[in-house]
Amino acid sequence: GTFALYSLICRYAKVSLIPNQQAEDRQVWNYTLELPSKRLKLASVLKSSLEKSKFAKLFLLLITMLGTSMVIGDSILTPSISVLSAVGGVKEATSALTQDMIAGISIVILVFLFMIQRFGTSKVGYTFAPILSLWFILIGGIGFYNIIKHDTTVLKAINPIYIVEYFIRNKKDAWVSLGGVVLCTTGGEALFADVGHFSVRSIQVSMCSMVYPALILAYTGQSAYLRQHPDSASDAFFKSVPGPMYWPMFVVSILASVIASQAMISGTFSVVHQSLSLGCFPRVKVVHTSANHEGQVYIPEINYFLMLACVGVTSGFKTTVKIGNAYGIAVVFVMTLTSALLVLIMIMIWKTNILLIILYVVTIGFVELIYLSSVLYKFTLGGYLPLAFSAFLMTVMYVWNNVYRRKYHYELDHMISPARLTEIFTNKNMSRIPGLAMFYSELVQGIPPIFEHYVSNVPALHSIIVFVSMKSLHVNKVPAEERYFFRRVEPRTLFAFQCAVRYGYNDVREVAFEETLITRLKEFIQEETWMQIQTLSIGGNMTEAGRESDREIEHNEISKAKQAKEEKLREIMEQEIEQVEKAWEEVGIVHLIGQNEVIASKESNVMKRILVDYAYNLLRRNLRQSEAVFDIPHKRMLKVGMTYQL
């Protein structure tokens with residue numbers, strides 16, 4: 001989706017609005033892109049323009065947020081229209097049920113669907129997968145039956161000349177009808193909303209061998225039926241089902257609508273997880289539901305928000321006709337935004353031939369814009385709904401991201417200098433107590449101002465200090481062995497470290513986080529010492545080579561001095577590792593979390609005050625705090641309060 005493409009652009013060009021990139025990030029094996037060797041002037045100009053323009057960076061982030069909020073809006077409409085249309089088929093069997101009763105039954109099914117999300121994508125998917133296969137076989141088989149029974153000449157519709165004649169004949173009405181035609185593709189699109197959970201090959205095989213042929217047969221079969229029964233156009237699907245197959249088809253269609261809804265809900269969880277990792281969404285609890293499949297997540301807050309929104313839409317609209325008017329806008333808008341970002345990538349990263357890019361824009365882009373203009377025509381008939389949802393969600397995302405960036409820059413501007421840090425540690429009034437303390441911060445480099453605020457009120461420091469920052473990279477997954485990047489805070493006698501814990505947007509946070517961090521810290525101390533010994537050996541060899549004339553005289557002295565230094569370094573290493581183990585096993589770890597209050601500065605304008613003092617703080621008070629997101633044990637947690645004037 002849009003966030004995946006935005007992440008790809010951020011890895012190639014410096015367009016991220018948060019300056020947390022480190023040179024060490026490129027050492028992660030899947031971070032560096034394999035770029036074409038050819039040079040393209042247009043690519044260089046575009047990259048340079050994006051990097052220099054703050055407006056372009058902000059605009060790129062905003063359209064990414066818009067695409068994401070549209071997907072979430074889509075996941076509100078998909079369950080509503082899918083379940084409502086399936087349950088509405090019961091009208092073919094009985095006229096006793098009113099539209100209100102059908103809407104009520106649909107709401108019950110929707111509530112059940114959202115209640116089972118906590119069991120995870122894989123469990124729900126494995127339960128319904130055989131039913132979905134049966135669904136495609138049935139609609140394909142019934143479509144084939146209708147073609148043979150009613151009108152085989154309908155197969156001529158595959159010839160594209162008929163669509164040209166249709167537009168010439170109907171003009172504006174043909175253009176307006178595209179808003180309904182797009183619903184034929186959105187059903188197939190919903191099934192693949194959570195494609196990130198599957199391999200490319202599985203998608204290709206399932207789409208080409210089952211989904212696409214079944215959809216073509218189903219719609220062609222309905223067309224053949226309508227050739228004989230033109231008055232049944234309003235409910236062609238169930239009317240075209242042969243009598244004995246009606247009830248089995250009714251049951252399977254309800255279950256299939258649940259699966260299509262499930263795919264969109266899972267896709268929403270994934271995009272919210274991505275935007276959360278990039279600082280573009282308020283903190284929510286993310287539950288990883290599968291130990292075997294990465295990226296399968298459940299987000300309780302989003303689940304209940306979607307459930308309430310779906311119930312509201314279903315009870316408010318009651319018919320699929322009105323929801324259908326709203327439905328197409330979200331889907332086509334996301335497709336158009338995705339294509340726009342893809343064109344950027346084709347020019348700037350892939351360096352595709354300019355003729356192929358023009359061909360892509362003229363064909364794919366033109367078709368998408370035609371469909372978009374058609375669905376926007378129905379704006380007043382319900383099309384406003386996804387745009388209203390998107391506007392609300394985008395406002396939430398922008399408010400959170402804007403203040404998140406302001407906080408980061410505040411910490412960057414007020415971080416503690418190395419001289420001041422040394423002064424704090426060497427202060428005679430400062431006590432060093434046994435144990436290991438972990439200070440959490442957004443900063444990936446430098447010491448945050450909250451540390452000085454803490455020591456000014458509590459003149460005591462633990463014997464080992466680790467400044468931890470949780471950092472998201474613009475990649476899908478960071479290998480476990482490359483996840484922790486340590487840097488020592490000089491001088492060595494301070495016994496303090498900085499640790500950037502790097503995650504991809506589909507990574508699972510470790511359950512045994514403390515244990516892993518301690519292990520990686522000990523490995524870092526060993527590697528650092530080994531590198532110092534290696535440097536010492538190289539320096540010693542160069543000294544010996546420079547004094548070849550009197551090598552025999554000084555060789556022994558140099559060797560002894562070098563050996564003494566190596567032994568001293570190993571001794572320090574063993575002492576530090578022993579201290580770490582003792583602090584971990586005997587005393588334990590204390591987690592220090594910044595509880596930052598954010599207010600607008602006195603010279604701020606009215607809009608900034610509303611943004612920071614009211615909108616952001618309202619979100620922060622009603623959503624999860626850092627300790628809940630990181631699963632930090634409360635017994636060993638200490639909150640440090642500080643006010644940031646932005």
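Which residue forms a salt bridge with Glu523? The partner is Arg520, with the closest N and O atoms 3.6 Å apart. Keep in mind that this is a predicted model. Here is a short tour of its salt bridges, one of its helices and its nonpolar cores.

**Salt bridges**
- The structure holds 10 salt bridges.
- Arg520 and Glu523 are three residues apart in helix H17, so about one helical turn separates them.
- Glu523 counts as partly exposed because its relative accessibility is 32%.
- Helix H17 (residues 513-546) also carries Glu528, which is linked to Arg488 in strand E5 (residues 484-489), 40 residues apart.
- The N to O distance between Glu528 and Arg488 is 2.7 Å, and both residues are buried.
- Another salt bridge, at 3.2 Å from N to O, joins Glu597 and Arg620.
- That pair connects strand E7 (residues 589-599) with helix H19 (residues 606-622), its members lying 23 residues apart.
- Glu597 is partly exposed, at 38% relative accessibility, whereas Arg620 is buried, at 9%.

**Helix H11**
- Helix H11 (residues 300-317) has 18 residues and spans 26 Å from first to last C-alpha, close to the expected 26 Å.
- Its buried residues include Ile302, Leu306, Val313 and Phe317, and the buried set packs against several elements, among them helices H3, H10 and H14.
- Just after H11, Lys318 has a positive phi of about 70°.

**Nonpolar cores**
- The largest core has 82 residues, with Ile9, Leu60 and Val313 making the most contacts inside it.
- H3 supplies the largest share of this core, 16 residues.
- Apart from this core lies another of 34 residues, including Val396 and Tyr644.

Methods:
Residues numbered from 1 in each chain as written. Predicted model: local features only at pLDDT ≥ 70, side-chain atom pairs only at ≥ 80, totals over all residues. Heavy atoms only, no water. Helix = DSSP H or I, 4+ residues; strand = E, 2+ residues; numbered from the N terminus. Expected span 1.5 Å × (residues − 1). Buried < 20%, exposed > 50% of the residue type's maximum accessible area, 1.4 Å probe, protein only. Contact = heavy atoms within 4.5 Å. Core = buried A, V, L, I, M, F, W, Y, C linked by side-chain atoms within 4.5 Å. Salt bridge = Lys/Arg side-chain N within 4 Å of Asp/Glu carboxyl O.
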